[in-house]
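Please open the model in your viewer and keep the selection panel at hand. The stops below go from the annotated region to the strands and then to the packing between them.

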Amino acid sequence: MEVGFLGLGIMGKAMATNLLRHGFRVTVWNRTLAKCQELAALGATVGETPASVVSKCRYTIAMLSDPSAALSVVFDKDGVLEQIGSGKGYVDMSTVDAATSTKISEAVKQKGGAFLEAPVSGSKKPAEDGQLVILAAGDKPLYDGMIPAFDVLGKKSFFLGEIGNGAKMKLVVNMVMGSMMNSLSEGLCLADKSGLSP
């Protein structure tokens with residue numbers, strides 16, 4: 001299976017590496033092209049632009065830092081929109097708001113492509129270990145086609161329906177995790193004030 005991968009930061013590098021180690025053919029791109037060399041040493045092909053990666057691959061994954069980066073890679077010159085079309089799928093695994101996902105989805109669909117938002121729960125270590133939780137929404141046939149890759153990247157993936165639901169679920173998960181951290185901190189403070197050893 002051939003997959004494009006845009007964005008080789010802390011998360012993207014680990015995820016693309018896992019795909020390569022599991023026998024996927026991966027074409028990578030990063031704004032700072034030097035970051036691609038480590039993946040090239042593992043067997044990745046390097047694309048010069050997001051458009052060139054999409055042109056080469058049926059499926060392209062993006063893992064970018066924030067909404068502005070996610071929009072830039074799609075809409076700017078040499079971006080995803082220049083080559084996306086019928087028979088091609090774009091999967092944005094970045095953590096962005098529902099409005100950003102909707103804007104990208106509409107643009108990709110207008111060009112005849114399929115779009116899936118798929119933010120993840122988990123950080124560097126789960127990404128390295130292929131233990132992410134994938135919260136996907138959008139095009140169901142694209143989700144089904146991505147299952148082999150998702151099975152490498154994560155321990156569990158969910159299809160949550162229409163675009164925006166992945167972003168919303170990510171907020172719910174983060175709120176629950178934040179609440180748990182808060183409870184743990186309160187417990188440690190109480191233990192300390194009670195004279196117990198933390």
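Helices (H or I, at least four residues) and strands (E, at least two) are here DSSP runs, numbered from the N terminus. The model is predicted, so that local features need pLDDT of at least 70 and side-chain atom pairs count only at pLDDT 80 or more, whereas totals for chains, interfaces and linings use all residues. Residues are numbered from 1 along each chain as its sequence is written, and side-chain values use heavy atoms, with hydrogens and water left out.

Begin by selecting residues 2–161, where an unreviewed UniProt entry places the feature "domain: 6-phosphogluconate dehydrogenase NADP-binding"; UniProt positions follow the numbering used here, feature names are shortened, and annotations may be inferred rather than shown by experiment. Over this stretch the chain is 41% helix and 24% strand, and the end C-alpha atoms are 25 Å apart.

Next, select strand 1 (residues 2–6) and strand 2, which pair in the parallel sense over five bridges; two strands count as paired if DSSP finds at least two bridges between them. Leu 6 stands opposite Trp 29 in strand 2. Between these strands the chain passes through helix 1 (residues 10–21), and this β-α-β crossover is right-handed, meaning that, with the strands pointing away from the viewer, the path from the first strand over the helix to the second runs clockwise.

Stay with strand 2 (residues 25–29), where four of the five residues are buried (under 20% relative accessible area, with exposed over 50% and partly exposed in between, for a 1.4 Å probe and protein chains only). Strand 3 (residues 45–46) runs parallel to strand 2 and is joined to it by two bridges, with Val 46 as the bridge partner of Val 28.

Now select Phe 5, which lies in strand 1 and is buried, with a relative accessible area of 0%. Not counting residues up to four places away in sequence, Phe 5 touches, among others, Met 15, Leu 19, Val 28 and Ile 61, where contact means heavy atoms within 4.5 Å.

Which residues have the most contacts inside the largest nonpolar core? They are Phe 5, Leu 19, Met 93 and Phe 150, in a core of 35 residues; such a core is a set of buried Ala, Val, Leu, Ile, Met, Phe, Trp, Tyr and Cys residues joined through side-chain atoms within 4.5 Å. Helix 7 gives the most to this core, with seven residues.

Finally, select helix 4 (residues 67–75), in which Ala 69, Ala 70, Ser 72, Val 73 and Val 74 are buried.
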